[in-house]
Amino acid sequence: MNRRLTDGQFAWLLMVPGLALFLAIIAYPLVSALVTGFFEQSLVRPGRAFVGLANYADLLGGDFWPVLRNTLVFTLGATIAPFVIGYALALALNAGLPGWLRGVFLFPWVIPGVVVSFLWLWIFNANYGVLNGLLGTHVSWLGDPTTAMIAVIVTKTWASFPWMMVMLLAGLQTMPKELHEAASVDGAGAIRRFRSVTVPHMRAIAGIAFLLEFIWNFQHFDTIYVLTGGGPAGATKTFAVAVYDTAFKGFDLGHATALGGLWMLLLLVLMAFYLRKENA
Amino acid sequence: METLNRRAAFRLAGLSALGAALAACAPDAAGGGAPKGDAAARTFGFTSWSLNEEAQKAAVQAIVDAYAAKGGVKIDTASFPYNEYLNQVTLKLRGGQLSGAVQLDISWLAALAAMGRLKDLGAQAAKGGYTDVALSSGRFQGRQLGLPWTTGSIGLVANTEILKKAGVEGMPATVEEFEDALRKVAKLGGGITPYAAATKAAQLKDILPWMRTFGSPLLEGDTITVGDDASVAAVEWYKKLYDAKLIAPDVDRFDARALFAQGKAAFYDDAIITRGVVAAQSPDKSLTGKMAPLARPVLKAGDTPQALLWGHVIVVVEGEGSDAAADFASYATSDTATVAAFFEKVKLPPTTTAGLADPKVAGDTFTTEWTEKITKTATPNPFWRYAGYAQIETAIAEQVQAVLVGQSSAKDALAKAAETAKPLQK
């Protein structure tokens with residue numbers, strides 16, 4: 001009875017370590033969180049009570065929509081701005097801007113996010129901040145709901161445009177020069193060549209880079225938490241901050257995990273877009 | 001065909017195992033459990049936010065080192081910034097990652113006590129010689145869960161030099177006089193914030209004593225009175241100061257201390273620790289001599305000035321090293337030479353009768369003045385009795401911030417705060 005493993009059995013065997021890790025660090029917390037969303041459960045009190053969909057109903061009848069709006073505003077702002085800046089710089093570098101500038105532009109990206117946030121916290125401080133000092137104003141950049149979100153987006157843009165620039169520059173450098181030369185011979189100007197040659201060639205990589213940045217920003221936490229903590233008056237409270245506050249400041253695990261569940265559903269939609277785009 | 005069936009069975013078995021594993025590790029909400037570790041162990045942890053603060057770090061470390069040398073124990077220290085401290089300590093305690101002695105703000109005791117893992121320190125309390133008020137700050141539901149390290153109050157402190165320059169004579173005693181003083185200071189210009197009051201949500205709980213000043217009890221029995229006429233009037237007054245730039249936007253305790261230390265604020269709220277903190281931060285080495293505590297102005301003459309009772313306790317987590325940790329807590333808080341030396345370095349008043357009578361403490365004018373003007377009438381925050389008190393304060397703070405930035409009226413905001421806070425009274 002000297003049986004040999006089939007290919008399928010062998011494949012499963014190879015997957016055991018990965019599956020074990022998956023169970024321990026992804027499946028368990030995920031299931032745990034999803035289950036908790038159906039309970040009234042405190043971080044500090046023992047015991048819990050099953051409440052069905054009550055946590056979800058509470059959220060959908062209250063905090064969910066403003067948090068969704070803030071998350072979308074932040075995500076769009078913090079994705080579009082670095083995309084545009086990164087694209088422009090990538091084009092400039094590809095067109096012959098000195099190569100050492102690439103290193104300079106990468107600088108913000110290598111600084112840890114929390115450090116970047118503290119740096120900008122100092123710049124935006126209403127009472128002794130650099131920005132007010134330079135402008136001679138007394139604007140409460142982080143204390144006013146109309147400017148707080150802009151300040152947060154500016155900070156995140158500064159931190160993430162280099163990544164966008166590198167991705168797009170890599171895409172530009174794979175573009176055959178002959179395409180541009182042929183278009184030039186045909187009389188196309190710079191703008192026409194950009195529209196008809198560069199943009200179509202870059203569509204796939206630009207789309208992926210944009211979508212990845214969008215997904216990351218949808219989950220982003222540290223910049224917002226350090227700069228505003230979600231304030232003032234909830235004006236910059238995104239899903240990440242709201243879940244953290246509900247769970248770890250309010251000690252309300254039931255509502256926090258329910259909000260996390262809704263947030264995850266939205267992320268799954270984005271992931272589906274990403275996977276479709278990558279497979280296309 | 002046979003291979004396919006076996007593969008299907010294999011998958012099925014795998015999925016079943018996965019399901020069983022997930023079910024088995026579905027969240028357990030007990031959050032409690034028996035104490036872990038050897039209570040008699042000679043190694044224990046000491047978690048303290050003071051070890052993270054420049055002004056106190058060395059003084060606290062000196063106590064730790066002295067006890068470790070004296071008792072032949074090893075103390076593993078850990079620290080988190082004050083604003084993140086409760087959160088971190090709660091998570092660690094829940095996850096069984098916290099042991100030994102833990103410094104706590106007195107307002108956090110209920111939240112930690114609710115987790116059921118703190119050691120009863122009644123025996124240590126009985127022999128410590130603590131004052132009754134101090135002991136009460138470490139008591140929860142009849143059990144002595146914390147030994148008081150310092151007991152004081154949060155009140156107003158003034159820069160007398162700025163007041164003199166502004167032509168403010170004497171300390172303002174009523175809200176009207178206070179506002180008048182702020183307006184005079186504002187006329188000085190030069191980037192001076194008349195009153196560096198908290199305007200960031202993280203510290204806007206500082207408005208609660210002002211609500212009391214205007215006549216709101218905050219809590220009557222178990223009924224939250226935030227939203228009554230008095231609290232609304234207090235918030236409208238605060239908003240008036242904000243709009244008139246008599247208080248500054250974007251300020252929390254740390255910003256306020258920085259402004260005050262730079263000579264850029266005439267008044268701000270802090271605990272008695274203010275002197276040590278300001279001395280450590282200020283380029284003006286004579287600033288501490290210009291600081292003066294003042295009773296919070298009252299609405300009308302004859303009212304009782306409002307102040308918030310404040311202090312630190314040391315609690316001990318049941319389990320690994322808890323016996324030695326309890327002895328350390330007792331040493332740090334009641335050994336007279338230790339508490340007097342600690343006072344000398346950081347100006348935090350001790351909690352024992354002997355400590356208070358020590359010449360180093362009793363002869364300190366600023367401390368006696370603070371005790372007389374502020375601590376004497378200080379009362380605890382009534383929400384501290386609830387484990388969810390921080391959430392209640394946050395609900396109020398966020399709504400007050402909404403008023404300050406013009407997103408809501410005081411009446412609507414406080415009604416909403418009370419509605420949010422009601423289910424949190426557990």
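**Helix packing in chain A, starting from the interface**

A: Let's come in from the chain contact, which takes 36 residues from chain A and 43 residues from chain B. Bear in mind that this is a predicted model. On the chain A side, the elements giving two or more residues are helix H1 (7–36), strand E1 (39–41) and helix H11 (239–249). H1(A) gives the most, with 10 residues. Sorted by class, this side of chain A has 17 nonpolar, 15 polar and 4 charged residues.

Now for the close look: the packing around H7(A) and H9(A). H7 of chain A covers residues 145–173, H9 of chain A covers residues 190–218, and their axes come within 9 Å and cross at roughly 155 degrees. An angle over 145 counts as roughly antiparallel, so H7(A) is roughly antiparallel to H9(A). As for hand, the crossing of these two, H7(A) and H9(A), is right-handed. H7(A) brings A:Lys156, A:Ser160, A:Met164, A:Met167, A:Leu168, A:Gly171 and A:Leu172 to the contact, and H9(A) answers with A:Met202, A:Ile205, A:Ala206, A:Ala209, A:Glu213 and A:Asn217. Between H7(A) and H9(A), that comes to 8 nonpolar, 3 polar and 2 charged residues.

Next, follow H9(A) to its other partner here, helix H12 of chain A (residues 253–279): the axes of H9(A) and H12(A) come within 10 Å and cross at roughly 165 degrees. That makes H9(A) roughly antiparallel to H12(A), and the crossing of H9(A) and H12(A) is left-handed. From H9(A) the contact uses A:Gly207, A:Ile208, A:Leu211, A:Phe214, A:Ile215 and A:Phe218, while H12(A) supplies A:Leu267, A:Leu270, A:Phe273, A:Tyr274, A:Lys277 and A:Glu278.

H4(A) and H7(A) pack at an angle of about 125 degrees, with their axes 7 Å apart. The two, H4(A) and H7(A), are therefore oblique to each other, and H4(A) passes H7(A) in a left-handed crossing. Here the contact is made by A:Phe105, A:Leu106, A:Pro108 and A:Trp109 of H4(A) together with A:Trp158, A:Ala159, A:Pro162, A:Trp163 and A:Met165 of H7(A). In this contact of H4(A) with H7(A) there are 9 nonpolar residues, with no polar and no charged ones.

To finish on the chain B side, take B:Ala329: leaving aside neighbours within four places in sequence, B:Ala329 is in contact with B:Ala101, B:Leu121, B:Gln124, B:Leu147, B:Ile314 and B:Val316.

Note on methods: Residues numbered from 1 in each chain as written. Chains lettered and ligands numbered in written order. Predicted model: local features only at pLDDT ≥ 70, side-chain atom pairs only at ≥ 80, totals over all residues. Axes fitted to C-alpha atoms, helices over the stretch in contact; angles between N-to-C directions. Helix = DSSP H or I, 4+ residues; strand = E, 2+ residues; numbered from the N terminus. Parallel < 35°, antiparallel > 145°, perpendicular 65-115°, else oblique. Left-handed = near helix turned anticlockwise from the far one by under 90°. Contact = placed C-beta atoms within 7 Å. Nonpolar A, V, L, I, M, F, W, Y, C, P; charged D, E, K, R; others polar.
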